[in-house]
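The following note sets out points for a colleague who is examining this model. Please read them with the sequence and the structure at hand.

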Amino acid sequence: MDQETKQTDFIAAPSPAEDVAAKPPRARVSDAPIEEESASEKLERKRDYLEGFLQKKPEPASTGEPGGAIYETVIEALKEIYDPEIPVNIYDLGLIYNVEVSEEADVAVTMTLTTPNCPVAESMPAEIELRIGSLPGVRDSEVIVTWDPPWDPAKMSDEARLELGML
């Protein structure tokens, strides 16, 4: 190969003046100045950080949120109510879709039943409403029965499946 062939194989990059959409210069991070500290000073700094971290208490949850007093009391009450045909509580059975606690301590439970022809379709929602309404701190309770989405065994907790021999 001669010199002319080698030179034509390469395409010259446009100069910044020729490039219409010239890229801005890349940002560069200069090394931060490192302050010299002794090993004992470094250990003391880390110890102070750890003590502050361990002494910090978590923010208390609102009473109506998961982890809040009323919410957790409602969940515990729901776990004490059993389906008469199945030896599993309604919460682990997956019949409870949602629990909402308002700022005024009104509780709304959205639930379903295993089937629309369930023999306790009329009595169970009323029982749940009475049970939740009698909890300390609860002002009013309401149970909303929905059929959408329909209940199926996949909604059960692992504990319920174990109890029923489905695991």
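1. Asparagine 89 is in contact with Leu78, Lys79, Ile81 and Tyr82, leaving aside its neighbours within four places in sequence; contact means heavy atoms within 4.5 Å. Its place is in the loop between α3 and β1. With 7% relative accessibility, asparagine 89 counts as buried, where buried means under 20% relative accessible area, exposed over 50%, and partly exposed in between (1.4 Å probe, protein chains only). The C-alpha atom of asparagine 89 is separated by 7.4 Å from that of leucine 78, 11 residues apart along the chain. A polar atom of the asparagine 89 side chain lies 2.7 Å from the backbone nitrogen of aspartate 92.

2. On the basis of the note: this is a predicted model, in which local features need pLDDT of at least 70 and side-chain atom pairs count only at pLDDT 80 or more, while totals for chains, interfaces and linings use all residues. Residues are numbered from 1 along each chain as its sequence is written, and side-chain values use heavy atoms, with hydrogens and water left out. Helices (H or I, at least four residues) and strands (E, at least two) are DSSP runs, numbered from the N terminus.

3. The strand order β1-β2-β3 describes an open sheet of 3 strands with mixed pairing; two strands pair if DSSP finds at least two bridges between them. Because β1 (96-101) and β3 (140-145) each have a single partner strand, they stand at the edges, and one side of each is left without a neighbour in the sheet. Neighbouring strands are turned by 15° against each other on average, direction ignored. Strand β2 (residues 106-111) and β3 run parallel and are joined by 6 bridges. Opposite serine 141 in β3 stands valine 107.

4. Two helices deserve attention alongside the sheet. Helix α3 (residues 69-78) lies across β1 and β2 and runs at about 145° to β1. Helix α4 (residues 123-133) packs on the sheet, touching β2 and β3, and its direction makes about 155° with that of β3. Axes here are lines fitted to C-alpha atoms, for helices over the stretch in contact, and angles run from 0 to 180 degrees between N-to-C directions.

5. Which residues of α4 are buried? They are Met124, Pro125, Ile128 and Ile132. These residues cover an arc of only 100° around the axis, so they lie on the same side of α4; the arc is that of the directions from the helix axis to the C-beta atoms. The buried residues of α4 pack against α3, β2 and β3.

6. The structure holds 5 salt bridges, a salt bridge being a side-chain nitrogen of Lys or Arg within 4 Å of a carboxyl oxygen of Asp or Glu. One of them pairs glutamate 80 with arginine 131, the closest N and O atoms being 3.8 Å apart. This pair links distant parts of the chain, 51 residues apart: glutamate 80 is in the loop between α3 and β1, and arginine 131 is in helix α4. Glutamate 80 counts as exposed at 53% relative accessibility, whereas arginine 131 is partly exposed at 27%. Arginine 131 also meets glutamate 127 in a salt bridge (3.7 Å, N to O).

7. A cis peptide bond, with omega about 5°, joins aspartate 148 and proline 149, and proline 149 lies in the loop between β3 and α5 (158-163). Alanine 105, in the loop between β1 and β2, has a positive phi near 70° in a residue other than glycine.

Key:
A polar contact is a pair of N or O atoms within 3.5 Å; within protein, one must be able to donate a hydrogen and the other to accept it, and residues adjacent in sequence count only if both atoms are side-chain atoms.
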